[in-house]
Amino acid sequence: MKNFKTLCITIASLFLLQACNDDDNNNSTPPEQPVAVTIVDAAVANGNFTTLVAALQATGLDATLADKNAKFTVFAPTDDAFDLLGEEAVTALLADTDRLSDILTYHVISGEVDAATAIASAGQLVEMVNGDSVGLSLDGDMLLVNTATVTITDLTTDNGIIHVIDAVLMPPAEMGTPTSNIVETAVAAGNFTTLVTALQAANLDTVLADTSKKFTVFAPTDAAFAMIDEKTLAAIIADQEVLTNILLQHVIADAEVDSVTAYSLNGTMVETASGANITIDINSETDMLTFGGVNIVTKDIYTTNGIIHVIDAVIVADVELPTVPMSLVDVAVENGNFTTLVTALQATGLDTVLADLDTDYTVFAPSDAAFAKLPEGTVAALLNDTDTLSNILLYHVVPGKVMSDAAVAIASSDNNQVVTANSAQVALSFTDGMLFVNGAKVSAADVMADNGIIHVVDNVILPPTAKGTPTDSIVDIAVANTNLSTLVDALTTADLVTTLADETATFTVFAPTNDAFAKLDPAVLNALLADTDALTSVLLKHVVSDVEINSVAAYGANGTMLTTAAGDMISVGINAETGMLMIGDTNVIMTDIYATNGVIHIIDTVIAE
């Protein structure tokens with residue numbers, strides 16, 4: 001979470017040269033007048049806006065913002081903000097000055113708007129110099145401009161004010177002249193076939209085709225509907241009342257809510273056509289606009305009778321779904337794909353717990369194919385060790401009902417870990433339309449039972465290693481592990497041993513094995529070991545400072561980036577096929593080796609890039 005800062009900085013104190021008096025105090029010479037500092041001068045002098053300055057110069061807007069007779073307010077993206085676009089995108093924009101000018105002027109307000117005025121305007125739209133508007137809102141004590149966070153405010157210059165933001169603002173899509181209504185647009189898109197079928201089954205297709213009305217539709221894709229178990233989806237479509245209530249939760253009637261208006265509604269609830277109140281939020285970590293906790297992946301598809309926003313999950317919310325009059329265990333038995341799970345439940349006595357119709361549970365249920373991925377003999381050994389087996393099974397259970405849309409909302413939130421029935425925590429993440437529970441992918445969701453919900457997962461989810469009370473530092477552990485001897489030699493050569501042995505500090509280390517170093521060309525490895533600076537840089541790419549990231553936290557970071565001690569950004573991901581945690585392009589083959597000053601995860605490849 002980013003800390004909001006309200007800094008009133010007088011640019012004159014930072015950038016102006018104070019005139020010096022003559023040594024002989026000759027008052028006959030008039031003092032030099034202070035040099036006026038413009039917005040462009042301040043941006044250049046700051047040093048963190050080199051891309052912004054280059055963009056202004058490429059478009060000629062640097063001359064405009066250097067006009068000492070005008071007043072402007074600039075929401076200025078830092079170099080890091082532009083880096084989020086990617087080098088290729090920035091290069092393309094610098095070559096397309098018309099598009100670039102439109103984007104840059106979307107960051108500028110004519111006149112001066114200080115932080116206090118901007119904060120007081122939260123929940124409103126503000127017109128920018130390019131003629132489009134932005135939505136201002138608050139996320140706790142953070143001021144947001146559309147989805148960008150204001151990190152520093154009120155940098156004052158002689159011709160205006162700079163507010164620093166952490167993302168580049170993109171002007172909204174132009175409405176143009178739509179020729180198709182909402183239903184026609186959905187049909188033509190080709191990826192809303194289930195939605196269209198559902199609308200037809202509920203007799204809502206004619207309603208949403210009415211061009212005398214205006215609607216805003218948050219439209220789940222076919223992939224979003226495909227997350228729901230086939231039988232559950234068929235039961236929903238067969239129950240017109242339930243289906244209608246669910247579909248109408250995706251519609252705002254009598255209003256066109258474009259993305260900018262939605263930004264200004266951040267943190268509020270809007271009444272849908274079903275009468276339900278659904279929250280519109282901005283995730284300030286991902287800069288994603290959400291509806292009912294699920295991501296809006298495409299915004300502002302204009303039609304002749306309203307606007308479509310595309311979402312990546314179906315919003316069930318509080319609609320009571322049709323359930324079969326069977327317990328979770330009965331449903332698992334009838335399904336036929338959970339024979340190993342049922343056997344394990346029976347061996348531990350947990351089948352009677354999950355058959356209790358008076359208590360609701362959510363079960364992330366490994367299929368027989370998921371159990372078959374375990375090493376040979378593992379299942380048999382677990383069936384003979386019911387205490388360990390019970391702990392593993394309870395790690396797949398969450399008290400209460402958590403539908404897939406709620407799970408996606410949790411996965412997309414700042415707090416994406418939930419407590420399981422064995423009092424441990426499991427991380428939910430959602431990337432590329434896939435919901436993960438730690439490293440297990442949900443292959444089918446919302447299998448309904450009378451006392452809860454089953455989400456099918458493709459891997460058995462093993463509880464994390466307990467931290468206990470470590471007695472050795474990161475270096476002590478590495479020295480004692482013969483598979484990390486090359487790493488220890490490299491740390492010694494780079495003079496990093498003392499650093500990573502410091503018990504007043506905290507580190508997360510992704511430690512390459514000897515085999516990982518052996519993958520490097522011998523000449524490359526020898527050259528690296530001979531170049532202390534290069535070696536230090538490579539080793540620090542394997543370290544995250546000042547934080548202990550255990551495996552559950554790492555799973556929860558799926559789809560995000562970590563900043564290493566080398567200052568580089570490295571991706572965190574999950575291999576959708578194997579369920580393995582990945583750091584960059586490397587596999588994490590062992591997790592959660594706790595030290596007195598952090599945690600070690602073992603990886604199979606050296607991170608060199």
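Me: Through how many residues does a hairpin join β28 to β29?

Reply: This is a predicted model, so what follows describes a prediction. In it, strand β28 covers residues 586-595 and runs antiparallel to β29, with five bridges joining them. The hairpin that links β28 to β29 passes through two residues.

Me: In which sense do β23 and β29 pair, parallel or antiparallel?

Reply: Strand β23 spans residues 507-512, and its residue P512 stands opposite I603 in β29. Six bridges connect β23 with β29, and the sense of their pairing is parallel.

Me: Which strands stand at the edges of the open sheet?

Reply: The sheet is open and consists of seven strands with mixed pairing, in the order β24-β23-β29-β28-β27-β26-β25. At the edges a strand has a single partner, so one side of it is left without a neighbour in the sheet. Neighbouring strands of this sheet are turned by 30° against each other on average, when direction is ignored. The strands at the edges are β24 (543-545) and β25 (561-563).

Me: How many residues of β29 are buried?

Reply: Strand β29, which runs over residues 598-603, is mostly covered.

Me: Is S264 buried or exposed?

Reply: S264 belongs to helix α15, which comprises residues 259-264. Leaving aside residues up to four places away in sequence, S264 touches G123, Q124, L125, G135, L136 and S137. Its relative accessible area is 7%, and because a residue counts as buried under 20%, the word for S264 is buried.

Me: Which residue's backbone oxygen does the side chain of S264 reach?

Reply: The place of S264 is in helix α15, and the question concerns a contact that its side chain makes with a backbone oxygen. The distance is 2.6 Å, and the residue that supplies this oxygen is T261.

Note on methods:
Residues are numbered from 1 along each chain as its sequence is written. This is a predicted model: local features need pLDDT of at least 70, side-chain atom pairs count only at pLDDT 80 or more; totals for chains, interfaces and linings use all residues. Side-chain values use heavy atoms; hydrogens and water are left out. Helices (H or I, at least four residues) and strands (E, at least two) are DSSP runs, numbered from the N terminus. Buried means under 20% relative accessible area, exposed over 50%, partly exposed in between (1.4 Å probe, protein chains only). A polar contact is a pair of N or O atoms within 3.5 Å; within protein, one must be able to donate a hydrogen and the other to accept it, and residues adjacent in sequence count only if both atoms are side-chain atoms. Contact means heavy atoms within 4.5 Å. Two strands pair if DSSP finds at least two bridges between them. Axes are lines fitted to C-alpha atoms, for helices over the stretch in contact, and angles run from 0 to 180 degrees between N-to-C directions.
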